[in-house]
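Work through the exercises below with the sequence and the model at hand. Try each task before reading its solution.

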Amino acid sequence: MRSVAVGLPGWTTSTVPRWVPNLPFLDGVPLAESVGERLGASCTLLNDAQATLLAERSEGVLRGRRSAVLVALGTGIGGAVLLEGRIVRGHHGCAGSFGWLPVSAEAPDPHHGGWEQAASGAALESAGQPWGGAAGSSPPPGGATTPRTR
């Protein structure tokens, strides 16, 4: 193996994660250097949604496409933009961070994006708790149930 890429949520340069919301202990760590040394290969870092889009373009449903948009729904909401064969990274490498798009004029938490607060995996899990969902649980067999009264 000559090279490896590591996809991380949040904002990263090619060598150092700058803001990894789910793994804050990685912020500012020279991760590419550390991984590269351990594996004996060059290492580059990129946003996880950008990595997914590149993989789909190379090996998946986007093979042969020159432009595409990917929305990544998970713990948060991320995304990536491919334009004329190149990933659009933006000035700070955060282009495609769709979870930060506003969904209303009121922002309950300015440290998290509006769409992410409303529709991420974490938000949907929280919203499902009145219907009997528990943190980390799977949906019941057969789909949703009606809300429980207490």
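**Exercise 1. State how confident the predictor is in the protein, and where confidence is lowest and highest among the helices named.**

Solution. The mean pLDDT (the predictor's confidence in each residue, from 0 to 100) is 84 for the protein, and 83% of the residues score at least 70. Confidence is lowest in helix α3, residues 114-119, with a mean of 81. The highest value, 97, belongs to helix α1, residues 31-39. Over residues 140-150 the pLDDT is below 50, and beyond near neighbours in sequence this stretch has 7 contacts in the model (heavy atoms within 4.5 Å).

This is a predicted model, in which local features need pLDDT of at least 70 and side-chain atom pairs count only at pLDDT 80 or more, while totals for chains, interfaces and linings use all residues. Residues are numbered from 1 along each chain as its sequence is written, and side-chain values use heavy atoms, with hydrogens and water left out.

**Exercise 2. Find how many helices and strands the protein has, and their order.**

Solution. Helices (DSSP runs of H or I, at least four residues) and strands (E, at least two) are numbered from the N terminus. Counting gives 4 helices and 7 strands. Their order along the sequence is β-β-β-α-β-α-β-β-β-α-α.

**Exercise 3. Check the span of helix α2, then find which of its residues are buried.**

Solution. Step one: the expected span is 1.5 Å times one less than the number of residues. Helix α2 (residues 48-59) has 12 residues, so it should span 16 Å; its end C-alpha atoms are 16 Å apart, which agrees.

The buried residues fall within an arc of 105° seen down the axis of α2, so they line one face of the helix. The arc is taken from the directions from the helix axis to the C-beta atoms. In general, an α-helix has 3.6 residues a turn, so residues three or four places apart point the same way.

Step three: the cover over these buried residues includes β4 (42-47), β5 (68-73), β6 (77-83) and β7 (86-87).

**Exercise 4. Is S120 buried or exposed?**

Solution. S120 sits in the loop between α3 and α4 (121-128). Its relative accessible area is 3%, so S120 is buried. The side chain of S120 reaches the backbone oxygen of E116 at 2.9 Å. Leaving aside residues up to four places away in sequence, S120 touches G74, T75, G76, I77 and W115.

Conventions: Buried < 20%, exposed > 50% of the residue type's maximum accessible area, 1.4 Å probe, protein only. Polar contact = N/O pair within 3.5 Å; in protein donor to acceptor, adjacent residues only side chain to side chain.
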